[in-house]
Amino acid sequence: MIGASTMIDLPLNKSLEGFKRLGLDFAEIRSDLIEEEIKSEFEFTVVHSPIFDINLASLNDFIREASLKTLKKTLDLVYKQDIEAKVFVVHCGYLTHDLKENYLKRARVSLKESLQDLVVKGEDYGILIGIENSQKKRDRVLIKYPEDYIKIKEEINSDFLKYVFDLGHANTWGIDLKRAIDILGKDLVLLHLHDNFGDADSHLPLGKGNIEFNIIKNEKRPMTLEMKSFEDLKISLRYLNLLRNTSP
């Protein structure tokens, strides 16, 4: 299944209409950008949780609780709009760069508490909570490697906590992408596809950076194209179709 993110340069419902015209299988809706009633004809939908000013791992309880409340209210909105959401993608927060590494343990406790609450809400609504790996940045991120997810999955132990693997983000850390996919196994429910040269989270069209996308040539799980423009989306879709239709 191939879908696209509404992060592109069109209003939300115009994006959804465009995705249908391109023959995509699903849409991933950026919930920061919801300014109108969602009109989706897709039977499978992914919703990306708000990311602006959100930190589920904050050491400041006021910030953590406000972040959690925002995501839970978004889940309520998604459920009430009846848009067939299957996965709710979540960024797991960070530790401010000027705090020493020994604060990471406290940040992980904050993240665990946040995710436990979100998972309960996800179970109530039948929506999977998908943890997404973060790109390289100045702050200390909590979900960088597949092993980071596996550790927190063991602590929370819910079938509604899954993993969303962003190949572009992983490339900024120099992670072995094929190994990561193999490690995540059945807990990997969605992939995010965009390109870069490893130095920044550029969100380039597929084939315009240095990522070797042949590793997902035969991938059957849902994959979201995360492009900045509708034109970049069409370029990426042509690249992906060509890749999947060529001989091994």
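Predicted model: local features only at pLDDT ≥ 70, side-chain atom pairs only at ≥ 80, totals over all residues.
Student: What makes strand E8 mostly covered?

Tutor: Buried means under 20% relative accessible area, and six of the six residues of E8 (residues 161–166) are buried. Strand E8 is therefore called mostly covered.

Student: Which residues of E8 point one way, and which the other way?

Tutor: Leu-161, Tyr-163 and Phe-165 point one way, while Lys-162, Val-164 and Asp-166 point the other way. In a regular strand, side chains alternate between the two faces of the sheet.

Student: How do you know that E8 pairs with strand E6 and with strand E9?

Tutor: Two strands pair if there are at least two bridges between them. Four bridges join E6 (residues 128–132) to E8, and four bridges join E8 to E9 (residues 188–193). Both counts meet the cut-off, so E8 pairs with E6 and with E9. E6 and E8 run parallel, as do E8 and E9. Ile-131 stands opposite Tyr-163 in E8, and Phe-165 stands opposite Leu-191 in E9.

Student: Which residues of H3 meet H4?

Tutor: Leu-111, Lys-112, Leu-115, Gln-116 and Val-119 in H3 meet Ile-152, Glu-155 and Ile-156 in H4. By class, this contact has five nonpolar, one polar and two charged residues.

Definitions and conventions
Residues numbered from 1 in each chain as written. Heavy atoms only, no water. Buried < 20%, exposed > 50% of the residue type's maximum accessible area, 1.4 Å probe, protein only. Helix = DSSP H or I, 4+ residues; strand = E, 2+ residues; numbered from the N terminus. Contact = heavy atoms within 4.5 Å. Nonpolar A, V, L, I, M, F, W, Y, C, P; charged D, E, K, R; others polar.
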